[in-house]
Amino acid sequence: MKNLILASRAEKNRTVVKVNGIEVGSGLVVIAGPCSVESEEQTLNTARAVKAAGADMLRGGAFKPRTSPYAFQGLGIEGLKILEKAKKETGLPIVTEVLDPRDVSWVAEFADILQIGTRNMQNFSLLREVGRARRPVLLKRGMFSTLEEWLNCAEYILSEGNPDVILCERGIRTFETYTRNTLDLSAVPAVRELTHLPVIVDPTHSTGRLSLIEPMSMASVAAGADGLIIEVHNQPETALCDAAQALTPEMFAGLMGCLRPLQDFMNRQKNTPPTANRNEVTP
Ligand code: PEP
Ligand code: MN
């Protein structure tokens, strides 16, 4: 693939990103939590519930990239302080989005993983700034981006000296309107062929439909994803953002119950000799 150097599979076989003892890139990592941090009660209750169900990390936006400037924009620093409390109580590392290059250094003090959202995938000054941060970066695929464009954005971050990039497939825009986006699951094994970086899937924003989150989570794991990022809200009907596709804690616990046996099966597959493992294709 053109201009891919540091992100290329030719450089390295697999990268494992370590986040407070959790390894992204070896086994299945589940990140769960609300779309936005709305209050201490909402975030702490949700954090406790996802932790009890077996989530590995907590997500939650304090800075929200909204289509309308009049929609809820997030609580900013107050939201980050709430996430800090939730981490202190549950031990779950925090994944949160950063929108502005000027905020990267101080948001990194609260975040264990800095999320770059789909709308900012090609915000090159933001990519360079997170490339200089000492925090892993979750790079979501741009909703109109090819794999080549996406991987070149990872290259921007790596080229600034940050080796810890996690890719996230979150669906792309197509002519289909039944789903919010079209989940490009082929991207998972495809990027595996092209890069050593771990890749996770966001079944929430890609489908936008509650009924599709469980089947597409299972399909993502079967496709070889290193993890999932899923929106869960303690009271979805009151959510200020993405209410329609937030799982209840009970639904999330049910999903985790289905995922774990599949994960065990996939782990056994990974442990088969490389010649017999269809996920390990040479680029
Ligand atoms: C999010 O995960 O909070 C989000 C806004 O997702 P995306 O950038 O994929 O739309
Ligand atoms: Mn959301």
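This is a predicted model: local features need pLDDT of at least 70, side-chain atom pairs count only at pLDDT 80 or more; totals for chains, interfaces and linings use all residues.
The shell is made up of R59, K64, E97, Q115, G117, T118, R119, K140, R170 and H205. The space that ligand 1 takes up is the largest pocket.

Contacts between polar atoms were found at several points of this shell. The side chain of K64 places an N or O atom 2.9 Å from an oxygen atom of ligand 1. For K140, a polar side-chain atom lies 2.9 Å from an oxygen atom of the ligand. In T118, by contrast, the backbone provides the N or O atom, which lies 2.9 Å from an oxygen atom of ligand 1. On its own, ligand 1 has 290 Å² of accessible area, of which the protein covers 96%.

A metal site was also examined. The manganese ion (ligand 2) is coordinated by four residues, namely C35 through SG, H205 through NE2, E231 through OE and D242 through OD, at 2.0 to 2.4 Å. The spacing of these donor residues in sequence is C-x169-H-x25-E-x10-D. Two of them, C35 and E231, stand 196 residues apart and link distant parts of the chain. C35 belongs to the loop between β3 (29-33) and α1 (40-53), whereas E231 belongs to strand β10 (residues 227-231).

Conventions
Residues are numbered from 1 along each chain as its sequence is written. Chains are lettered from A and ligands numbered from 1 in the order in which they are written. Side-chain values use heavy atoms; hydrogens and water are left out. A residue is near a molecule or strand if one of its heavy atoms lies within 4 Å of it. A polar contact is a pair of N or O atoms within 3.5 Å; within protein, one must be able to donate a hydrogen and the other to accept it, and residues adjacent in sequence count only if both atoms are side-chain atoms. Accessible areas come from the Shrake-Rupley method with a 1.4 Å probe; for residues, only the protein chains shown count as cover. On a 1 Å grid over the protein atoms alone, a cavity is a set of points where a 1.4 Å probe fits but cannot get out, and a pocket is an open set with protein on both sides within 12 Å along at least five of seven lines; lining residues have an atom within 4 Å of a point. A molecule sits in a cavity or pocket if more than half of its atoms lie within 2 Å of its grid points. Donors are N, O and S atoms within 2.8 Å of the metal (3.2 Å for Na, K and Ca); water is not among the atoms, so sites may look incomplete. Helices (H or I, at least four residues) and strands (E, at least two) are DSSP runs, numbered from the N terminus.
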